[in-house]
Amino acid sequence: MKKTIMKDTAPNLAASLRIALATIVLCGGLYPLIILSFAHFATPETASGSLLRDRAGNVVGSRLLAQAFTRPGYFWPRPSAVKYNAAGAGGSNLSPAGPEVRERAEQTVADFGADSRRPLPADLATASGSGLDPFITLKAALFQAPRVARARGIALSDVDAAIRRHADTQKIFWSREGLVNVLALNMELDTVQKK
Amino acid sequence: MPILMLLLFISLPVLLSWPLGLFMTKVMDPSSKSGDGRVSILLRKTGGRMLDREQEWKGYLISMLFFNAIMFGAVVLMLALQHVLPLNPDGKGPLEASLIFNTAASFVTNTNLQHYSGEVSMSYFSQLFALTWLQFVSAATGIACLAALARALAGNTLVGNFYRDMLRSTLFILLPLSIVVALLLVVGGVPMTFEGATAAQTLEGAMQTIARGPVAAMVAIKQLGTNGGGFFGPNSTHPFENPSFLTNYIECISIPLIAMATVWMFGRITGRMRHAAVIFSVMLLLLILKSGIALNLESAPSMAFRGLPIETMSNLEGKELRFGPGTAAIWAAVTTATSNGSVNCMHDSLNPLTGLVPLAGMWLNVIFGGVGVGFINMFIFIIVGVFICGMMVGRTPEYCARKVETHEMKLALLALLVHPLLILVGTAVFASTSWGAGTVLNKGAHGFTEILYEFSSAAANNGSGFEGLGDNTVPWNVATGLVMLLGRFIPIILPLAIAGSMAAKKPVPETIGTLRIDTPLFAVVILGSVLLIGALLFMPVAVLGPVADYLSTSIH
């Protein structure tokens, strides 16, 4: 055994080094370049992060990432354990049976003004895995609609209609109710009101 | 509906594994000319004379260890120098020494336990040239070693050439599949750019820094190569790694695909397809069982909400809405059956009893397992099963027409015991000292499970975690780094030594008294060995961790 190791050390070392170098170039360099060039031409928008811009062209966020909303005139996303930090994402990692989740949920229930007659949809009471979940359920959006309509001084039916329009574009095939992209919906409400 | 989901997520990789297994067998066949195109001639020149040599199992293992040592060294160097290397648009600084050791060990061993957060700590150079590279060659190392094991069991004392096997797996199996999956992910909306982070001014006027990068390339191979190490901290829960239901489906079926195909490859190389089918069905049964249990347990609502005015729904803590209900439970089961370890929900926030499902997968570590190494682990259980049967009928046990004797059994038992030893000793030490007890997020039994999960994940080369654990400390980095290395190389070296020793024996003719290894009865034997041995070894910690967690939080 020892003899085999000794005898073959030089050729093994040489082969390993050369093959390592070749595969580094291939797997770390060439392969990503192939994917990158395809993305550059085929899907330039999503390849750079699905960024959304205002009319002046400034980046306001990403269609795929939640951002913080606290004003009553905006729809609010799901709670985030990382305060919607898109440069350091993460979940709460708390036990769903633990006291910390309960305390947080009590606060959230109070923030949303939910009670037993109008219970809070569960997605609004739970922190997402990434802390950046861009969606809320249709129920969670409709739940917030009265607050948004009141704050903006527009008809509840208009807000509801906007919600349903957004939900219709985000249906997963087995569910009757779609999801609502919070940032996209808020941007639309802003544009409509500015007109 | 959950049954339909399960069918959707598991049937496609099962179907695809058959043709892929056939293809992999052709690629790995030492006598085939299929790999002799221009590319491989070029690589043959790169590899030198060493590639033309047919090796015995010892020489094969030595080459494997040499190459893995070079992998380790190269990555340590790249990570240590990342602040001066190119492709670092966000100016990531140098990494701490114990974190470099842990990360190198983690990616060399195909584990991808990440004690760092990708978007916080890693430059694009490190992500691609260090980590993505290792995701290819560590997976290829596993496939190569299984091919060698199969050739030995087919009766060959010359088991192939490690460098040739490794290169062929990288070039003709992993790269083409990764390109297909990465392109699909790009179409599905996954970012792929060398631009650095961008600053956004949100609608309410706050600033949000949006980290991005060459994500699609890394995600494809981390799913296919049972690596699991993501571009971003929260892995495939992050909308940039996994933007939709469809990308989630593609990523989830990529997890077990190659591991399933390696079972067929083993069957073809040894010429025992019916035996392979028996083993495949045992693995599949366990996978379905595991996913079904997870689906059922995870559909229960978050226990903490009891009595609050919150609508009753399945547990959504740590989950993303766009993947749809149930998909997180299936993913959690699949990613820990194979040693992938990527996640699409936070395992720490699974319901207390659900946490037992990923743990059980890592403890057994044979439900398809890591690419190549999963079947190598199963080989040990097969040897033990054959031995028990032999004892029951009073014959010298045989496997693949070779006698299994004292020498082989000693090695097999050693291989079998390494895994629980690493997990139980590590957990005991860390749970009883501030090394572990001072780093948990959740209290009590759930906190104990965080420690137990970390060592299980490291020893099984899985890489997922109960991420509440503050694991980027020197004790954690060093301990899990060592556990990953031991948990990777001992269970490759010992089985190959067993197979090599068997190959050197005279074949025994198969008679009417020979134990048939291609019957449903043998499936029951294997299922029994796996479950009984697994249950006996890990039952006590299962009760101390998830079961106690469930009882203390859910019974009032």
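User: Is the crossing in which H1(B) passes H7(B) left-handed or right-handed?
Analyst: This is a predicted model: local features need pLDDT of at least 70, side-chain atom pairs count only at pLDDT 80 or more, and totals for chains, interfaces and linings use all residues. Residues are numbered from 1 along each chain as its sequence is written; chains are lettered from A and ligands numbered from 1 in the order in which they are written. A near helix turned from the far one by less than a right angle is left-handed if anticlockwise, right-handed if clockwise. H1(B) passes H7(B) in a crossing that is right-handed.

User: Which residues of H7(B) make the contact with H1(B)?
Analyst: Contact needs C-beta atoms, placed from the backbone, within 7 Å. Helices are DSSP runs (H or I, at least four residues), numbered from the N terminus. H1(B) brings B:Met24, B:Val27 and B:Met28. H7(B) brings B:Asp165, B:Arg168, B:Phe172 and B:Ile173.

User: Which helix gives the most to the side of chain B that touches chain A?
Analyst: The contact takes 93 residues from chain A and 96 from chain B. On the chain B side, one helix, residues 162–187, gives the most, with 10 residues. That is helix H7.

Key: Contact = placed C-beta atoms within 7 Å. Helix = DSSP H or I, 4+ residues; strand = E, 2+ residues; numbered from the N terminus.
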